[in-house]
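Look at the model below before reading on. The report then takes its parts in turn.

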Amino acid sequence: MARKLPSKNVVVIGLGWTGSILSYHLAKAGLDVVAIERGPWRDTATNFPPAYAQDELRYAVRLDLFLRPAQETLTFRNKADQIALPIRNFAGFLPGNGVGGAGIHWNGQTWRFLPTDFRLRSHLTERYGANILPDDMTIQDWPVSYDELEPYYDRFEKLCGTSGKAGNLKGVKQDGGNPFEGWRSAEYPTPPLKQGLGATLFAEAARKLGHSPFPQPASNLSEAYTNPLGIRMGQCSYCGFCERFGCGNYSKASPQTCVLPALLRVPNFTAQTESEVLKINLDSTGKRATGVTYVDTSGKEWEQPADIVLLCAFALFNVQLMLISGIGKPYDPVSGQGVVGRNYAYQTTSSVSVILKDKVLNPFIATGAHGMIIDDYNGDNFDHTNLGFVGGGYMGAGQTNGRPIQTRPVPKGTPKWGAAWKKATAETYQHAYSLSTHGSSYSYRDCWLDLDPTYKDRLGRPLMRMTFDFHENELKMSAFLTERLAEIAKAMNPTEMQAHPRKGPYDSTIYQTTHNTGGTVMGDDPQTSVLNRYGQSWDVHNLFVPGGASVFPQNHGYNPTNTVGALAFWTADAITQRYLKNPGPLM
Amino acid sequence: MDSKVPLLSRRTFLTSAAILVTTTASVVHGRTFHQGMPWAPGAADPPAQVRPGPWAFFTSDEAATMEAIVDRLIPPDDGGPGGKDAGCAVFIDRQLAGPYGRSDGLYTLPPFMPGSSTQGYQNPDSPGGRYRAGLKALADHIRQSQSGKTLRELSTVDQDKLLSTLEDGSIKLKDIDAKAFFAMLLQDTQQGFFADPIYGGNRDMAGWKLVGFPGARYDYRDWVERHNERYPLPPVSIMGRTDWVSKG
Amino acid sequence: MYRSLTFAVTSFAFIACAHAQGATQDFSCIERGHYLTTLSDCAGCHTTAGGKPFAGGVALQTPFGTLIAPNITPDTDTGIGNWSDDEFVSALQDGRGRNGTRLYPAMPYTAYTKMSRDDILAIRAYLNTVTPVHNRVNANQLPFPFNIRLAMMVWNWLNFTPGRFVADPHQSAEWNRGAYLVQGPGHCGACHTPKTALGGDKTGAPLTGATLQGWFAPNITANKHNGIGRWSKDDLVHYLKTGANNDTLASGPMAEAVTHSTSQMKDADVAAIATYLLGTGQGGTDRPTPIAADNPTMKVGAEIYKDACAPCHQDNGQGSAQLFPRLAGTAVVQSDDPTTLGRVVLEGSRAVATNSAPTAPAMPAFDWRLDNDQVAAVLTYIRNSWGNAAPAVSAATVAKQRTSLAQSR
């Protein structure tokens with residue numbers, strides 16, 4: 001039996017990007033806020049100082065900053081006719097853990113979705129007719145428009161100090177930026193990062209072929225910066241330890257470097273770590289949340305009553321908590337009815353590796369989001385007529401590191417060990433570079449999340465079950481994008497080159513990305529969405545899911561964090577400016 | 001590696017030992033943060049440095065076999081030391097004696113059912129158990145097929161042949177998937193060769209020197225735009241390098 | 001002239017609190033007392049972290065042993081509720097507690113003696129309004145012979161010159177206001193003035209830096225070498241108001257002083273302090289000849305610096321404003337005494353957070369990574385590079401500090 005704690009105005013589940021942004025804004029608005037985080041507290045100087053932060057084995061291989069499967073995992077299968085089995089060691093995607101969440105270990109790529117992405121189904125149908133969409137594709141329009149979200153993108157970029165070059169300022173094209181991006185109300189807070197040789201060669205080749213390369217928007221800062229919360233960030237030192245690592249010199253945006261110092265100064269905020277929320281509690285009507293129940297490290301259960309519950313966990317676990325708490329109708333792929341768990345999507349990535357024998361590339365001089373990119377083949381930036389697929393992605397040169405346990409390419413045909421392997425490894429390391437595509441993953445009727453019938457977590461709750469595979473549309477898209485990228489790679493005059501388009505089936509043992517989206521989708525219709533346009537539950541009005549990637553109706557050709565951050569600000573405004581004045585359904 | 005689940009450094013733990021938010025009800029175990037960023041003097045959670053010494057996981061026979069294997073997977077040559085002198089067997093020994101060897105932190109609850117390759121490893125055996133069984137099965141196989149010899153008594157050519165048959169799965173080992181066992185041997189050996197020397201492998205940063213990786217450095221600001229120039233500084237490990245010690 | 005300056009110095013005292021007990025209802029007097037309590041940083045010693053305001057209990061490590069700051073809430077039993085105004089004034093001006101008992105000079109009456117009776121009574125008026133807390137504090141935990149309070153009579157005779165602040169007619173009103181704040185309520189010398197063997201101020205070298213509680217409080221005279229003489233008035237004002245400026249960030253005991261006191265001072269008062277400190281000449285030592293870069297220890301230090309320190313403090317020692325302290329040309333780095341430097345390298349340090357500079361970056365601990373020789377080498381290197389000059393740091397010094405820090409945690 002859980003013991004009851006004194007009531008709070010707001011309980012926040014998970015203290016990552018969205019949890020910290022919401023906590024800050026609501027606490028500043030005078031609400032008494034407690035954030036409950038299942039992982040530990042994490043602090044730059046104590047947990048990832050530039051003295052042992054740069055440890056590939058510990059952080060990139062043993063995954064020190066990530067969720068342990070023993071604490072929580074999920075089961076996986078490609079198709080509904082298989083038995084889902086537990087992911088016993090995370091590999092294909094890596095959920096974060098602890099204060100800061102995925103905001104600690106991300107690369108810093110800070111993209112906006114395209115204006116057309118927000119009305120995807122309408123746009124594609126208008127331009128190409130409904131027949132271009134496969135029958136089982138369940139994409140839908142977002143309930144917010146790009147124009148509505150633009151100020152919130154701007155706020156998140158200013159929070160992070162994002163480095164980049166605008167391509168479209170208030171509708172006016174800008175040289176050197178992304179010509180395809182939606183309009184921006186302001187230039188990036190800091191100028192673009194410097195580029196290494198690999199990215200420079202790619203940009204030259206892309207330009208030669210008539211493309212418009214631009215520096216990738218990066219929240220690894222090109223120069224020191226003070227954000228609107230008064231927090232100071234440092235200049236990125238291109239150490240090559242971003243993804244899977246915490247930043248040791250305050251130069252990569254994270255809740256640690258952008259929010260927590262200010263948040264922890266607000267007296268009416270408390271963080272409770274190493275405490276796992278078991279479920280969201282509802283009153284007898286089932287229409288109102290009364291708070292959460294969580295379990296502490298000794299196994300004791302506590303009830304934390306609250307007026308407002310904010311579900312700010314990682315996308316996958318937002319879905320799990322909704323299902324376990326019995327909020328919203330679970331999705332049934334057979335009938336196509338129900339909403340929670342519906343429209344799970346991912347990301348479709350691929351790569352082209354090149355060897356440039358006469359170039360010294362110093363691949364270890366890198367940061368998570370530097371690089372030169374072209375966006376010509378993203379979203380609907382190009383004519384899809386007769387291509388046989390919809391969607392797209394960005395592509396470019398942004399190799400994030402040269403850490404040698406995981407990054408040491410060899411020419412094709414090299415043995416995997418022995419003298420020849422050793423020689424080839426030594427000879428190739430300085431001259432190899434990986435180019436990549438980062439493509440959309442649209443949603444389908446047979447890709448979803450639900451509770452596993454067999455496997456349980458350490459607390460006896462059902463694991464979540466993921467049923468996901470790539471569809472023909474995405475594989476065709478990946479083949480097309482990879483061919484375009486290979487054309488540019490070829491123009492770099494490589495000694496050797498290998499294209500690796502994405503092939504099915506989806507393999508949970510090979511790392512691709514941690515962009516797991518959907519499951520608590522936001523929309524205009526309660527029949528096809530869990531949340532309304534403000535991230536508010538259709539069923540339980542004092543429950544919000546503020547912008548975790550679980551709210552995405554499908555995934556677009558960009559990294560999700562900027563949209564996640566923008567939606568967090570969007571929901572924070574909806575709560576402070578609308579909900580608090582008149583608590584109840586906002587739609 | 002001296003990592004724990006959940007991560008709490010020894011010293012952080014000692015200084016802020018628990019935990020406590022006092023409420024009218026009782027005490028919540030977890031940690032509470034309120035009004036200010038926490039900090040404790042001397043708080044740090046570096047990995048424990050592997051020291052030379054007796055084998056921690058392997059028996060002396062297993063260790064001898066492992067040293068022979070790692071020296072074939074990464075043979076010594078003009079480019080630098082092989083797997084044995086680079087400490088790869090020591091690395092694997094210490095890793096198997098630690099959380100990795102025990103599958104700490106992984107999901108190990110039953111039922112265990114075979115699945116497709118896309119569903120990942122589905123077997124109750126931890127890496128420690130797999131090494132123990134794999135090395136025994138391998139030794140038995142060699143004893144039977146090579147008139148009572150051990151692996152290290154074979155010529156390097158024969159050792160290479162044997163490893164190739166493991167790699168392609170063309171020999172069958174008792175109760176163990178030869179191919180998967182080889183993949184694990186190779187993965188762990190290469191990890192030992194390229195991981196920070198603090199873990200016992202990559203001795204004298206041999207692996208990093210081989211490829212030209214500068215190691216635990218953290219600042220290349222001046223070098224980003226120096227294209228086509230080889231970065232000149234030597235690698236550094238978490239515990240430094242020889243130039244950190246006075247020669248006086 | 002003299003008259004008007006005196007007026008300037010105390011012009012703050014619109015409302016005289018002639019009798020604090022009679023004036024406890026007087027809002028203006030209490031407000032003024034509240035501010036003077038902040039200026040005097042009473043909470044720094046008399047309030048424990050997270051404890052009830054002014055209920056005492058902070059342990060002060062002195063060279064002679066531990067003293068516990070007493071309860072100064074108006075509790076009649078364990079606080080100062082029964083004290084008369086005269087007793088309260090005497091405590092601050094003469095170092096004499098109730099019934100004439102002698103206070104230990106950890107209580108900076110040697111500075112507060114400069115304060116006017118009026119200001120002191122305003123503090124009293126404010127303290128009368130705080131919640132009385134029953135908390136008996138055994139203040140004196142000194143070993144023999146220092147536990148004999150009578151000994152303080154001798155100490156006072158040697159080290160203590162009672163007397164109110166006297167303005168210097170040749171200086172501006174702002175300078176004099178600064179002098180009053182620094183010498184009186186601000187009691188800057190309590191930490192920053194070197195001490196005699198008996199713990200008294202070395203009166204000939206005010207504010208030229210001193211070691212206390214395992215930290216070195218640097219020279220805060222206008223000495224351009226290891227004082228704050230390179231700072232503009234703006235730099236100093238920014239530092240005191242926010243805890244950070246383009247050179248450095250406050251940490252250790254100064255972080256507490258910034259939190260409780262200087263960040264809450266009025267702009268005019270902070271400006272006055274800056275005017276006084278930067279306009280009162282240079283004290284302390286001159287720049288020595290730097291140790292040559294080809295010295296073997298310097299060479300080892302340079303390697304360690306490049307690999308371990310430059311990611312934040314940069315190759316040129318410039319650091320990054322508001323985040324990583326500048327090492328080139330700064331006071332703490334070039335102080336003769338490397339206590340603070342050694343401490344932050346060994347066990348790290350968290351900078352102060354204020355509303356205008358909330359970042360509070362932290363220096364990580366390096367004691368696990370660098371041995372005593374290596375800490376000594378890297379400190380010697382940063383103290384003698386980029387134009388810096390200071391005596392070498394020995395491994396033995398680092399070893400001693402390592403041991404004492406380990407014991408204190």
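**Chain B**

This is a predicted model. Chain B has eight helices and three strands. Read from the N terminus, the order is α-β-β-β-α-α-α-α-α-α-α. Chain B counts 248 residues, and 43% of them are buried. Taking contacts in chain B with a separation of 6 or more, 61% join residues 24 or more positions apart.

**Chain A against chain C**

How many residues does each chain bring to the contact between chain A and chain C? Chain A gives 19 residues and chain C gives 21 residues. On the side of chain A, helix H2 (44-47) and helix H9 (260-263) are the elements that supply two or more residues. By class, this side of chain A splits into 10 nonpolar, seven polar and two charged residues.

**The largest nonpolar core**

The largest nonpolar core holds 341 residues. Those touching the most other members include Val12(A), Ile13(A), Phe202(A), Val309(A) and Leu310(A) from chain A. Leu277(C) and Val378(C) belong to that group too. Helix H13 (residues 561-579) of chain A provides the largest share of the core, nine residues. In soluble globular proteins, nonpolar side chains tend to be buried together.

Beyond its neighbours within four places in sequence, Leu277(C) contacts Val182(C), Ile220(C), Thr221(C), Ala222(C), Ile228(C) and Leu236(C).

Helix H6 (residues 117-127) of chain C is mostly covered, with nine of its 11 residues buried. Among the buried ones are Asp119(C), Arg124(C) and Tyr126(C). The cover over the buried residues of H6(C) includes helix H2 (27-39) and helix H4 (85-94) of chain C.

Next comes a packed pair. Helix H13 (residues 296-313) and helix H16 (residues 372-382) of chain C have axes 7 Å apart, at an angle of about 90 degrees. Angles of 65 to 115 degrees count as roughly perpendicular, so H13(C) is roughly perpendicular to H16(C). The residues that meet are listed by helix.

| Helix | Residues in the contact |
|---|---|
| H13(C) | Thr297(C), Met298(C), Val300(C), Gly301(C), Ala302(C), Ile304(C), Tyr305(C), Cys309(C) |
| H16(C) | Gln374(C), Ala377(C), Val378(C), Thr380(C), Tyr381(C), Ile382(C) |

This contact of H13(C) with H16(C) has 10 nonpolar, four polar and no charged residues. Val378(C) sits in the H16(C) part of the contact, and Val378(C) is also among the core residues that touch the most other members.

Conventions. Residues are numbered from 1 along each chain as its sequence is written. Chains are lettered from A and ligands numbered from 1 in the order in which they are written. This is a predicted model: local features need pLDDT of at least 70, side-chain atom pairs count only at pLDDT 80 or more; totals for chains, interfaces and linings use all residues. Helices (H or I, at least four residues) and strands (E, at least two) are DSSP runs, numbered from the N terminus. A residue is buried if 20 or more other C-beta atoms lie within 10 Å of its own, exposed if 12 or fewer, and partly exposed in between; C-beta atoms are placed from the backbone. Two residues are in contact if their C-beta atoms, placed from the backbone, lie within 7 Å. Ala, Val, Leu, Ile, Met, Phe, Trp, Tyr, Cys and Pro count as nonpolar, Asp, Glu, Lys and Arg as charged, and the others, Gly among them, as polar. A nonpolar core is a set of buried Ala, Val, Leu, Ile, Met, Phe, Trp, Tyr and Cys residues joined through C-beta atoms within 7 Å. Axes are lines fitted to C-alpha atoms, for helices over the stretch in contact, and angles run from 0 to 180 degrees between N-to-C directions. Angles under 35 degrees count as roughly parallel, over 145 as roughly antiparallel, 65 to 115 as roughly perpendicular and the rest as oblique.
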